[in-house]
Amino acid sequence: MSTENRLGELLVRENMISLVELRKAQELQKTSGDNLGKSLAKLGFVSDNDVAEFIATQYNVTSIDLEKYEIEHGIIELIPKEVAERHKILPISRAGTSLVVAMIDPTDLHAIDDVKFLTGYNVEPVVAAEASIEKAIETYYAAPLASYDEVMEGFDDEEFEFGTEDEEGTNILELEKLSEDAPVIRLVNLILVNAIKMGASDIHMESYEKAIRVRYRVDGVLHEEMKPPFKLRNALISRLKIMSRLDIAERRLPQDGRIKLKLGKGREMDFRVSVLPTLFGEKVVLRLLDKSNLELDMTKLGFDAQPLGEFKNSIHQPYGMVLVTGPTGSGKTTTLYSALSELNKTDVNISTAEDPVEYNLHGINQVQMHEEIGLNFAASLRSFLRQDPDIIMVGEIRDFETAEIAVKSALTGHLVMSTLHTNDAPSTISRLLNMGIEPFLVTASVIMVIAQRLGRRLCSECKEPVNLPEESLLQAGVTPEDIAAGFQACEGSGCSHCNDSGFKGRVALYEVMVFGEELKDLVLQGCSTAELKAEAIRLGMTSLRMAGLQKVGDGVTSLEEVLRVTAAD
């Protein structure tokens, strides 16, 4: 019996996955070429780390988290990159005549023999998650990227004397030629790859009267990264347009495109490109979409135990509407994708209407909107109802027509999930009413509303307790009882691990409002949003500010960050 088959049987026997889930993962394996553990993780049945810990327990070896290790360059050099990629292994440390090697499968004798032959060391295997090994190989074996200063040495000012105040006069053929100049290509590559390495979610390239600047959004906050020479503006923008297959001659209308970048073995990064004409030239914004970092495990999104249970209970209802609300970039799509991943079984038909489709989910029918040909959310919803759906996800409810069809779908035996842009969960009900949906239809269809925000997570390497004035805590919403019980806030001092920002990564804050009978009665009576919120809190809802303060007390984020992303109750 192969190791893969044995692993599958053991996972089923230990009730970590069902037999149906195993079969589904094996089907995905045939098309993707991934191993069983990665296929299970892609489908959201079990996490990569859980599989690694399970394998470690079965074979009585140590399981490690590679993110917590800083491996010396001399150790990495012991195993060539091609060998590390072929066997998916990584050398960790050396002790006497033994070399500790992180592996997916500690029984892989071919890999162990190869390492012994190459290094002369005895191999001591430890188990790590496949995704973390791939990421570490990419990081440690990456060729050093040229710095901005090194790239700029390749430019000759005289070469780029083109373009005047009259944009119409620019020679398009000359522009295309300049955009393919090697230094321009290197600078654009530097901008894209640096953004990936820094964990940026967006890149902004902005044109001003006599300057151009590049900014990265890291953990929700924009940072200026570089100011390329103004003379390169048209060449840089044209290069990005060519990469995303846009019309470089069109500079008066907005354009949208996509860039796909291959990073090492098996990893792809998508950039969603938006070009917007501004007063002094075009502004380009690129949204980074990294499927390998898409977290579909609900327990890791940031939900506390009770709200998570309420959310799971709602999405497993046979019909009704679940709404997720929050500003752009607050993680609404990720929350919906995690719910769809949980519901994605062979016995249900799931259809989604998205604008744009950010990530491809196996087993789900995803439809990309095209407003220019009449394919919008309302049209897609109508078509879905003729496709025998069980679960429908609408990217966003923007107008009365979409809202009306979504509500009727929820009332006719379908589970509908969608997003809106409102400040908190209770005001979502008011938004639907203001769109023109009758109160009795809202109360009959909506079963849950979730509001969410993303706050920066304190760096685990440099965070430390701080004593804040009691008055500041009270103004923020910390109760006197919590202060008396020893409420302790933390802040990050800044270190090399977090680029001296004090923050590393983000954490989601959730406000989960179960739309029960008491709240429905208030809506039918015509109550205000404030009254609805007060009653929801009385019934046990944790507001966004309260959820944020809990995270502050747990040392996950700072008080300043919670005040930045949430409003007072």
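Tyr359 is buried, with a relative accessible area of 11%. Buried here denotes under 20% relative accessible area, exposed over 50%, and partly exposed in between, with a 1.4 Å probe and protein chains only. The model is predicted: local features require pLDDT of at least 70, side-chain atom pairs count only at pLDDT 80 or more, and totals for chains, interfaces and linings use all residues. Residues are numbered from 1 along each chain as its sequence is written, and side-chain values use heavy atoms, with hydrogens and water left out.

The structure holds 3 aromatic pairs. Rings of Phe, Tyr and Trp (its six-membered ring) pair if their centres lie within 6.5 Å; planes under 30 degrees apart count as stacked, over 60 as edge-to-face and the rest as tilted. Tyr359 pairs edge-to-face with Tyr337, at 6.1 Å centre to centre and 75° between the planes. This pair links distant parts of the chain, 22 residues apart. Tyr337 belongs to helix H14 (residues 332-343), while Tyr359 is in the loop between strand S11 (350-354) and strand S12 (365-368). Helices (H or I, at least four residues) and strands (E, at least two) are DSSP runs, numbered from the N terminus. Tyr337 is also buried, with a relative accessible area of 0%.

Phe303 and Phe311 form a stacked pair, 5.2 Å centre to centre with 25° between the planes. Both Phe303 and Phe311 are buried. Ring pairs join Phe303, Phe311 and Tyr510 into a cluster. Elsewhere, the charged end of Arg456 sits over the ring of Phe503, 4.1 Å from its centre. That label requires NZ of Lys or CZ of Arg within 6 Å of the ring centre and within 35 degrees of the ring normal.

Helix H16 (residues 400-411) has 12 residues. From first C-alpha to last, H16 reaches 16 Å, close to the 16 Å expected at 1.5 Å a residue. The expected span is 1.5 Å times one less than the number of residues. Asp399 caps the N-terminal end of H16, with a side-chain oxygen 3.4 Å from the backbone nitrogen of Glu401. Just after H16, Gly413 takes a positive phi of about 95°. The buried residues of H16 are Thr402, Ala403, Ile405, Ala406, Val407, Ser409 and Ala410. They pack against several elements, including strand S10 (320-325), helix H15 (377-384) and helix H17 (425-435).

The largest nonpolar core has 38 residues. Such a core is a set of buried Ala, Val, Leu, Ile, Met, Phe, Trp, Tyr and Cys residues joined through side-chain atoms within 4.5 Å. H16 gives the most to this core, with 5 residues. Met321 is among the residues with the most contacts inside the core. Leaving aside neighbours within four places in sequence, Met321 is in contact (heavy atoms within 4.5 Å) with residues including Ile397, Ala406, Val407 and Ala410. Apart from this core lies another, of 33 residues, among them Leu187, Ala200, Leu232 and Phe271.

Two loop residues complete the description. Asn349 is found in the loop between H14 and S11. The side chain of Asn349 reaches the backbone oxygen of Gln387 at 2.9 Å. Leu375 lies in the loop between S12 and H15. Leu375 is partly exposed, with a relative accessible area of 24%. Leaving aside neighbours within four places in sequence, Leu375 is in contact with Val367, Gln368, Met369, His370 and Ser380.

Notes:
Polar contact = N/O pair within 3.5 Å; in protein donor to acceptor, adjacent residues only side chain to side chain.
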